[in-house]
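Subject: Handover of a structural model

Dear colleague,

Please find below the structure that I am passing on to you.

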Amino acid sequence: MTEDNGIPTAGEGRQRAARLPQSGHGIASFVLAIVSGLAIAFGISLAASLMMAGNPEEQLAVFGTIGFILIAFLVLALVGVVLGFIALRRQDRRRTFGAIGLGLNVFILIGTGGLMLLGTVLRHSNS
């Protein structure tokens, strides 16, 4: 016999959370993190291989295009951060993908910013 005394039984919160659907904002944040992360990693590796291949002054147009594409995907990662925050604020949805997407997007933004800062410092120290 069960009695409804207002006290939740053990595991009831987990069962309720398992019945909730995933947040669409969270899934979108996660997908943006994966796409942005792969595109930025490819862009950085392409720029690094062009730098190692020869004279970078000959490839200025290519570097400009790569930089524009990197900035576009960084903006997508920023959109992913916003979507991750929205997903975490929803009480009627599961927040797993929102948390993962938020973490990955923040990592992408901080990591790429750190690489840019490191490249700037190394470039000026070699001059």
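Residues are numbered from 1 along each chain as its sequence is written, and side-chain values use heavy atoms, with hydrogens and water left out.

Confidence

The pLDDT (the predictor's confidence in each residue, from 0 to 100) averages 87 over the protein chain, and 85% of the residues score at least 70. Helix α3 has the highest confidence, at 94, whereas helix α1 (residues 12-19) has the lowest, at a mean of 65. Where pLDDT is low, the predicted coordinates should not be read in detail.

Overall make-up

The protein chain contains four helices and zero strands, in the order α-α-α-α along the sequence. Helices (H or I, at least four residues) and strands (E, at least two) are DSSP runs, numbered from the N terminus. Of the 127 residues, 22% are buried, where buried means under 20% relative accessible area, exposed over 50% and partly exposed in between (1.4 Å probe, protein chains only). Taking contact to mean heavy atoms within 4.5 Å, 79% of the contacts between residues at least 6 apart in sequence join residues at least 24 apart.

Helix packing

Axes are lines fitted to C-alpha atoms, for helices over the stretch in contact, and angles run from 0 to 180 degrees between N-to-C directions. Angles under 35 degrees count as roughly parallel, over 145 as roughly antiparallel, 65 to 115 as roughly perpendicular and the rest as oblique. A crossing is left-handed if the near helix is turned anticlockwise from the far one by less than a right angle, and right-handed if clockwise.

Helix α3 (residues 60-89) packs against helix α4 (residues 96-126) at an angle of about 150°, with the axes 8 Å apart. The two helices are therefore roughly antiparallel. Their crossing is left-handed. This contact has 13 nonpolar, five polar and no charged residues; Ala, Val, Leu, Ile, Met, Phe, Trp, Tyr, Cys and Pro count as nonpolar, Asp, Glu, Lys and Arg as charged, and the others, Gly among them, as polar.

The axes of α2 and α4 come within 7 Å and cross at roughly 25°, so these two helices are roughly parallel. The crossing of α2 and α4 is also left-handed. By class, the contact of α2 with α4 has 13 nonpolar, eight polar and no charged residues. Among the residues that meet there are S29, F30 and A33 in α2, and G98, G101 and N105 in α4.

Individual residues

S29 lies in helix α2 (residues 24-53) and is buried, at 0% relative accessibility. Leaving aside neighbours within four places in sequence, S29 is in contact with G80, L83, G84, G98, G101, L102 and N105.

N105, in helix α4, is buried with a relative accessible area of 0%. Beyond its neighbours within four places in sequence, N105 is in contact with S29, L32, A33, A77, G80 and V81.

T96 is placed in helix α4 and is partly exposed, with a relative accessible area of 41%. The C-alpha atoms of T96 and F30 are separated by 9.7 Å, although these residues are 66 apart along the chain.

With kind regards

Definitions and conventions: This is a predicted model: local features need pLDDT of at least 70, side-chain atom pairs count only at pLDDT 80 or more; totals for chains, interfaces and linings use all residues.
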